[in-house]
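Please read the following note beside the chain itself, and check each point against what you see there.

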Amino acid sequence: MWGVNRIGIEQTIEKLQGEIHIKNRIVSLDEPNARPIKKGKIHPDCEFGTIMQMSFNREGFMITIENLIGNPSDKTLFPETIALFKKRMKEEPDTVVTDLGYRSVANFKTAQEINNVFLGRSEDVSEEKQDFCCKARSATEGFIAVAKNLRGFGRSLYKGFKGDRIWSLLCQTASNLKKFIQLWTEEKIEEQCLVKLGLLT
């Protein structure tokens, strides 16, 4: 903790001396990894904390969840997220859908082996796939909203970056369990999947 206090004192002196941009600025002694994050909304326009990167499959299961310090560009997160998704699912996705924040020439190259890559614009995919991808994009916004507002991702109840990571994994587990129960109740899970899980003989 003394190291954090020392850095905090040094950064405070820099601020008092007129420095505007201080790299890795500590904003909380209790949460030294928290960083100011500019939000795309009117109020509050800036919040403090760590960020998460989520990916979902078409059914709404959360496949990957990453915790990150600072506010890295979505463009830089795309390759690692795709790699984690493939590793978790043990296969190449047929379609990738994101918003414009992930759009870059490099990311199109990263996903060149994937059949359909929709990075925020309809013209990214064939005309016959445009409606599907637009609906998938809207559905993903819904998955994210549910995760933040109903599944506990909006605020970590544990302290520190490790605490944030543990909280995220617990919330991911609970979210996927609720999704599974929902689909099971609606009889939307294939019989072979239930057999593999030991829920059907």
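Predicted model: local features only at pLDDT ≥ 70, side-chain atom pairs only at ≥ 80, totals over all residues.

Residues are numbered from 1 along each chain as its sequence is written, and side-chain values use heavy atoms, with hydrogens and water left out.

1. The chain as a whole. The chain holds six helices and six strands, and its C-alpha atoms fill a box of roughly 65 × 40 × 30 Å, taken along the principal axes. Its accessible surface comes to about 13400 Å², of which 55% belongs to carbon and sulfur atoms; such areas come from the Shrake-Rupley method with a 1.4 Å probe, and for residues only the protein chains shown count as cover. Of the 201 residues in the chain, 33% are buried, where buried means under 20% relative accessible area, exposed means over 50%, and partly exposed lies in between (1.4 Å probe, protein chains only). Among contacts (heavy atoms within 4.5 Å) between residues at least 6 apart in sequence, 38% join residues at least 24 apart.

2. Strands S3 and S4. Strand S3 (51–56) and strand S4 (62–68) pair in the antiparallel sense over six bridges, and two strands count as paired if DSSP finds at least two bridges between them. The bridge partner of Phe56 is Met62 in S4. The hairpin of these strands has five residues between them, and there Gly60 takes a positive phi near 100°. As for cover, seven of the seven residues of S4 are buried.

3. Helix H4. This helix (127–150) has 24 residues, which at 1.5 Å a residue should span 34 Å, and the 35 Å between its end C-alpha atoms agrees with that; the expected span is 1.5 Å times one less than the number of residues. The buried residues of H4 are Cys133, Ala136, Arg137, Thr140, Phe143 and Ala147, and they pack against S3, S4, strand S5 (95–98) and strand S6 (116–119). Just after H4, Gly152 takes a positive phi of about 90°.

4. Asn116. This residue lies in strand S6 and counts as buried because its relative accessibility is 11%. Leaving aside neighbours within four places in sequence, Asn116 is in contact with Asp94, Thr95, Val96, Val125 and Lys129.

5. Ser175 is buried because its relative accessible area is 10%, and, not counting residues up to four places away in sequence, Ser175 touches Met62, Arg151 and Phe153. Met62 is also the residue of S4 that bridges to Phe56.

6. A nonpolar surface patch. Which residues make the nonpolar surface patch of about 400 Å²? The patch is made by Leu157, Tyr158, Ile166 and Leu170. Patches are made of residues with over 30% relative accessible area and no salt bridge, with like charges joined within 9 Å and nonpolar side chains (Val, Leu, Ile, Met, Phe, Trp, Tyr) within 5 Å; a salt bridge is a side-chain nitrogen of Lys or Arg within 4 Å of a carboxyl oxygen of Asp or Glu.

7. Two residues with positive phi. Most residues other than glycine have a negative phi. Lys90 is not a glycine, yet has a positive phi of about 60°; it lies in the loop between helix H2 (74–89) and S5, and with a relative accessible area of 73% Lys90 is exposed. Glu187, also not a glycine, has a positive phi of about 55°. Its place is in the loop between H5 and helix H6 (191–196), and at 72% relative accessibility Glu187 counts as exposed.

How values were computed
Helix = DSSP H or I, 4+ residues; strand = E, 2+ residues; numbered from the N terminus.
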